[in-house]
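Colleagues have asked for a short note to accompany this model. The numbered points below are meant to be read alongside the sequence and the structure.

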Amino acid sequence: MADVDGKWNCTVDSPMGEQEFMLTVNSDGDRFSGSAEGSIGSKDIAEGLVNGNELAWTMEISKPMPVTLSCKAVIDGDVLEGKVKAGIFGSFPVKGTRA
């Protein structure tokens, strides 16, 4: 199994500019828990999925407007890359490095 655990300094390239957040991943088999902390505040992740070096999770945010974010990322060593889907607003790239 890939080493996905830890803290990740992430940036989403959104229409509102770059949005930075710290992703914390604590895996347990094919699941993970953790959090995302940034300008949107702190959001717990309770039902994250792990498949090898792939992560998938959802988060509800209220700023700048209420929306569900569906996130998918692949971890390769100390690099994280993926997409964040923001409901009807489309998908945006997310990149990160191990903290």
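1. The lining of the largest pocket divides into 17 nonpolar, 4 polar and 3 charged residues. Here Ala, Val, Leu, Ile, Met, Phe, Trp, Tyr, Cys and Pro count as nonpolar, Asp, Glu, Lys and Arg as charged, and the others, Gly among them, as polar. On a 1 Å grid over the protein atoms alone, a pocket is an open set of points where a 1.4 Å probe fits, with protein on both sides within 12 Å along at least five of seven lines, and lining residues have an atom within 4 Å of a point.

2. The model is predicted: local features need pLDDT of at least 70, side-chain atom pairs count only at pLDDT 80 or more, and totals for chains, interfaces and linings use all residues. Residues are numbered from 1 along each chain as its sequence is written, and side-chain values use heavy atoms, with hydrogens and water left out.

3. The volume of the largest pocket is about 490 Å³, taken as the space filled by probe spheres set on the grid points, which are joined across faces, edges and corners. Of its 24 lining residues, the closest to the centre are Ser14, Gln19, Ile61, Pro64 and Leu69. Strands E1, E2, E3, E5, E6 and E7 each supply at least two residues of the lining; strands are DSSP runs of at least two residues, numbered from the N terminus.

4. Ser14 belongs to strand E1 and is buried, at 15% relative accessible area (buried means under 20%, with a 1.4 Å probe and protein chains only). A polar atom of the Ser14 side chain lies 2.8 Å from the backbone oxygen of Gly17. Leaving out residues up to four places away in sequence, Ser14 touches Gln19 and Phe92, contact being heavy atoms within 4.5 Å.

5. Phe92, in strand E8, is also buried, with 13% relative accessibility. Beyond four places in sequence, its contacts include Val12, Pro15, Gly82 and Val84.

6. The largest nonpolar core holds 25 residues, and Leu23, Leu55, Trp57, Leu69 and Leu80 have the most contacts inside it. Such a core is a set of buried Ala, Val, Leu, Ile, Met, Phe, Trp, Tyr and Cys residues joined through side-chain atoms within 4.5 Å. Its largest share, 5 residues, comes from E6.

7. Which residues is Leu69 in contact with, leaving aside its neighbours within four places in sequence? They are Trp57, Thr58, Met59, Ile61, Val84, Lys85 and Ala86.

Key:
Buried means under 20% relative accessible area, exposed over 50%, partly exposed in between (1.4 Å probe, protein chains only). Helices (H or I, at least four residues) and strands (E, at least two) are DSSP runs, numbered from the N terminus. A polar contact is a pair of N or O atoms within 3.5 Å; within protein, one must be able to donate a hydrogen and the other to accept it, and residues adjacent in sequence count only if both atoms are side-chain atoms.
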